[in-house]
Amino acid sequence: MKKLLVALLLVFSIFTFAEVMNPNTIVDVTIGEPDTLDPHQAYDTASGEVIFNVYDNLIEYVGSSLSKFAPRIAESWEIDGNTVRFKIRKGVKFHSGNELTPYDVEYTFERALIGNPGGGPIWMLYEVFFGDYFSLKSAVAGLTGHSWSDLVDADKNPVSDEAKQILLDFYKNYIDSKVEVDGDYVVFHLAAPKVYFLNIIAQGSSWGAILDSKAAMDLGLWDGKEDGWWKFHDWKKEDSPLYAKEIGSGPYELVEWNRAEQKVILKAFPEYWRGPAKVENVVIWGVDEWSTRKALLEKGEADIVAVPAQYLSQIKGNPDIEIIEGLPSVSVTTLNFNWQVKPDSPYIGSGKLDGEGIPTTFFADKNVRLGFIYSFDYQKMIDDVLDGYGELVPTAMPKGFLGYSDELPKPKFDLAEATKYFKRAYRGQLWRKGFKMTILYNTGNAARQKSAELLADSLKKINPKFQAEVRGVQWPTFLDARKNGKMPLYILGWLADYPDPNNFIYTFYHSDGDYGYYFGDKYAEFANAPQAFFGGKSLNEMISEASALTDPAEREKIYIQVQEFVIREGLGVPLYQPVGVRVHRKWLKGWYPNSIRPGDDYYRYWKSEE
Amino acid sequence: MTAYIIRRLLLLPLIIFGVTLIVFSMMQLLGEDQLLAAYVDPNSLDKMSVEELEMVKEKYGLNDDPFTRYVKWIGSVAQGDLGWSIVGKEPVAKAILHRLPSSLELALYAIFPIIGVGVWLGVQAALHRNKWQDQLIRIFSIVGWSFPDFVFGLLVLMVFYSWLGWFPPGRVSLQVANIINSPDFHQYTKLVTIDGLLNGRIDVFWDGLRHLIGPILTLSYLWWAYLIRITRSSMLEVLSKDYVRTARAKGLSEKVVINKHAKRNALIPVATVAGSMIIGLIMGVIIVETIFVRPGIGSFAAKAAGQLDYASIMGMLLFSSFLLIVGNLIIDISYALIDPRIRYE
């Protein structure tokens with residue numbers, strides 16, 4: 001028995017020593033796995049990271065910069081008003097062996113416009129190409145006068161010859177003309193000069209990845225012809241042949257996406273035009289449990305690991321592990337007010353100002369909003385819940401963006417101020433009667449839960465009749481409540497799609513933005529009303545105006561003005577801008593930060609003891 | 001006996017149909033906006049306008065009435081298509097099939113130490129009732145019974161991986177994964193250890209086994225506690241029976257009395273528990289799967305339920321009810337084999 005044990009011990013220890021560090025493989029242990037690898041459907045960072053490494057874009061960001069660009073597939077580019085010309089590099093090979101041509105670029109962007117899956121990222125391309133339309137369906141309806149469902153039946157066939165002609169004309173007039181090949185060049189025709197067009201298509205955004213048109217057609221994607229293009233619109237995620245395949249020209253090839261084991265395996269592409277990657281294999285491995293990730297990192301089996309801020313202290317002090325703190329993120333978490341809650345909402349009590357509920361338009365009252373804003377303990381949130389990994393910002397615009405200013409006042413926790421505004425609201429009635437409402441969070445999101453509890457606590461301190469119940473609900477219930485405008489107030493985050501102020505200011509404060517829309521009709525009315533503060537212009541007009549300007553100084557001026565207005569009116573409040581942490585083994589070299597990039601740039605890495 | 005088995009098997013599709021109908025109806029009661037949640041990732045909610053959410057709903061047929069949806073679902077199931085698994089990110093049948101080997105392999109290896117050692121300890125405790133052996137085993141079992149499974153799993157990981165470096169998490173190591181994925185290696189069963197042996201690759205077998213020991217240790221200890229208690233009390237009961245006294249009075253040796261007369265009878269309740277234990281093991285143990293990164297069908301089902309991914313839930317339901325019904329049938333049959341007094345007509 002003893003001998004057997006000794007023998008076993010010996011065998012195990014041999015295995016232990018044999019497996020130090022895998023010099024030719026990077027193991028990146030993460031949380032979450034890709035949603036889809038189709039660049040025109042993917043809209044999350046886990047998918048984006050894979051796409052980033054297997055595809056190439058026209059241009060890339062220079063190092064950590066969010067505004068300087070370097071050539072990639074495009075050797076050079078010129079911007080002239082609405083027109084952007086890219087000179088396409090020669091001699092670039094796709095993984096299939098096909099050579100990249102300017103046509104591939106045209107094909108890629110037209111396939112994006114035609115495909116335009118609901119819930120995907122292609123709205124950004126619509127915005128720059130079409131201006132007022134954010135999807136194919138709305139562009140067809142607006143430009144032809146016929147709704148999509150009047151033209152195409154459930155089986156994606158035109159309902160009549162006339163409908164077919166309308167669709168063919170639409171393609172010819174509005175899709176085909178947007179991106180055109182001109183010799184070695186590809187020319188983009190935008191709806192208006194948009195300074196952030198380059199940001200939208202730069203490396204790091206999967207929707208700007210260049211596809212291999214021949215390989216795409218072989219897989220059954222759009223055949224590049226105008227006849228029948230409508231069949232390729234709005235596919236289900238799972239129906240795309242690119243769901244778990246890639247047809248790129250990037251530094252790595254996809255070997256396998258093993259969904260059962262939550263692993264993505266990449267291999268360096270030997271014929272990559274910038275020269276093959278230094279590390280041959282990459283494994284992106286989804287491990288949900290933190291203790292397991294930690295063990296993998298400490299053993300050296302994992303080179304890169306995702307670490308939630310509250311666990312960081314557990315790995316500090318290890319000489320083999322490099323921790324980089326204080327990385328600015330391009331996201332904010334905000335508290336948002338619904339100006340017009342649906343009357344059937346179960347979260348507003350009686351629906352009246354009688355101490356048993358809140359009126360549906362409770363948050364359309366400026367005093368109420370400001371009262372809430374002064375009631376939140378921002379610093380406590382950052383210290384206790386985020387362990388200091390967050391920063392206060394004046395509005396929903398993150399630090400580091402054009403128009404961000406430290407001069408603007410940051411939200412303050414001040415119970416006396418809060419009391420002052422609450423006493424003014426509803427001519428003192430609110431203070432006498434009190435209110436009752438429910439704040440929801442989706443269970444599992446500890447930061448959101450804690451924020452809501454902090455708010456409810458101080459409301460009760462201000463006036464015992466102010467009762468906010470914090471309730472955790474399952475994700476489906478939360479989604480339902482948000483979609484149907486039932487939540488009076490809620491906490492959500494926004495991660496930038498592209499690093500331009502428009503992506504935040506429009507999203508949050510324009511009444512058509514992804515957030516502004518949910519604030520209800522009452523908010524839309526307000527945002528469209530002329531304001532003396534803007535010299536008679538409306539908030540919506542100011543935001544649209546700023547997005548169309550090209551001169552940074554002029555844009556900055558308007559964005560600051562808009563933010564002053566937002567703060568004065570209390571249109572929602574940022575709780576914090578998260579600050580990121582990066583953790584990897586010291587032997588991993590070549591890392592550099594870039595806050596808009598969806599993940600790691602493995603091409604630039606190598607592993608060495610020194 | 002044969003008629004009994006056939007009768008039970010004929011009932012199988014009927015029961016499964018009933019179960020799917022009930023679960024499907026219960027899910028539909030939630031309403032289409034709640035079902036929509038399956039198609040929207042919690043992390044991308046902030047990117048979805050109402051218009052886009054409506055487009056997604058339309059695309060996936062969530063605006064149809066529940067009856068139409070059920071008919072559609074059962075129609076495609078009849079054609080062998082279980083639908084698309086959102087949480088599994090592949091077709092449901094494939095998702096289950098790809099996750100099953102990991103669970104199956106673990107169940108296959110865990111069941112021997114669990115039952116073998118558990119029953120042996122239980123019998124020993126009963127035979128040495130109230131002596132130090134019994135006390136020791138009982139303490140051991142109470143500790144195991146009251147230990148939260150995730151804490152024990154993490155402890156095993158810490159000691160045997162972080163400190164000793166013996167049993168790493170995952171299914172195989174990187175090097176072995178490369179061997180398995182190479183064209184020369186045939187994956188007959190998808191069970192790493194067995195495929196390793198069939199290919200004559202002892203290193204693959206050994207690597208697969210090494211990754212199994214941590215989870216087996218965790219599962220074993222937690223389930224021993226349960227088996228020890230059942231075996232012990234059942235054994236004690238049998239030992240006090242008249243026929244055991246008769247056997248001893250006849251002058252049979254203690255060994256024969258215990259093994260032939262007492263143990264066989266005491267094992268009937270154990271067989272019931274062991275049967276459901278095996279089914280439970282095959283259905284996956286979420287905590288162990290999570291800690292040791294062996295995502296199997298247990299964590300798959302849990303994820304599907306959390307996101308209301310109804311194709312996956314229904315698929316798992318079909319699979320698990322099939323497994324339960326057939327498993328229980330096998331347990332019933334094994335009674336007849338263990339206990340000559342039981343007969344099925």
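This is a predicted model: local features need pLDDT of at least 70, side-chain atom pairs count only at pLDDT 80 or more; totals for chains, interfaces and linings use all residues.
Visitor: Before we start, what should I know about the numbering and the cut-offs?
Guide: Residues are numbered from 1 along each chain as its sequence is written, and chains are lettered from A, with ligands numbered from 1, in the order in which they are written. Side-chain values use heavy atoms, with hydrogens and water left out, while totals for chains, interfaces and linings use all residues, side-chain atom pairs count only at pLDDT 80 or more, and local features need pLDDT of at least 70.

Visitor: Which residue stands opposite Phe86(A) in β7(A)?
Guide: Strand β5(A), residues 83–88, pairs with β7(A), residues 185–189, over 5 bridges in the antiparallel sense. Towards β7(A), the residue opposite Phe86(A) is Val186(A).

Visitor: Which residue takes a positive phi in the hairpin of β4(A) and β5(A)?
Guide: These two strands pair in the antiparallel sense over 6 bridges. The hairpin has 2 residues between the strands, and the positive phi, near 65°, belongs to Gly81(A).

Visitor: Is Ser331(A) buried or exposed?
Guide: Ser331(A) lies in strand β13 of chain A, residues 331–337. Beyond its neighbours within four places in sequence, its contacts (heavy atoms within 4.5 Å) are Trp494(A), Leu495(A), Phe504(A), Gln577(A) and Pro578(A). Buried means under 20% relative accessible area, exposed over 50% and partly exposed in between, with a 1.4 Å probe and protein chains only. Because its relative accessibility is 13%, Ser331(A) counts as buried.

Visitor: Moving to chain B, how are α5(B) and α12(B) oriented to each other?
Guide: Helix α5 (residues 92–127) and helix α12 (residues 254–282) of chain B pack with axes 10 Å apart, at an angle of about 150°. Angles under 35 degrees count as roughly parallel, 65 to 115 as roughly perpendicular, over 145 as roughly antiparallel and the rest as oblique. So α5(B) and α12(B) are roughly antiparallel.

Visitor: How many residues of that contact are nonpolar?
Guide: Leu104(B) of α5(B) and Leu267(B) of α12(B) are among the residues making the contact. Ala, Val, Leu, Ile, Met, Phe, Trp, Tyr, Cys and Pro count as nonpolar, Asp, Glu, Lys and Arg as charged, and the others, Gly among them, as polar. The contact has 1 charged residue, 1 polar, and a nonpolar count of 18.

Terms used
Helices (H or I, at least four residues) and strands (E, at least two) are DSSP runs, numbered from the N terminus. Axes are lines fitted to C-alpha atoms, for helices over the stretch in contact, and angles run from 0 to 180 degrees between N-to-C directions. Two strands pair if DSSP finds at least two bridges between them.
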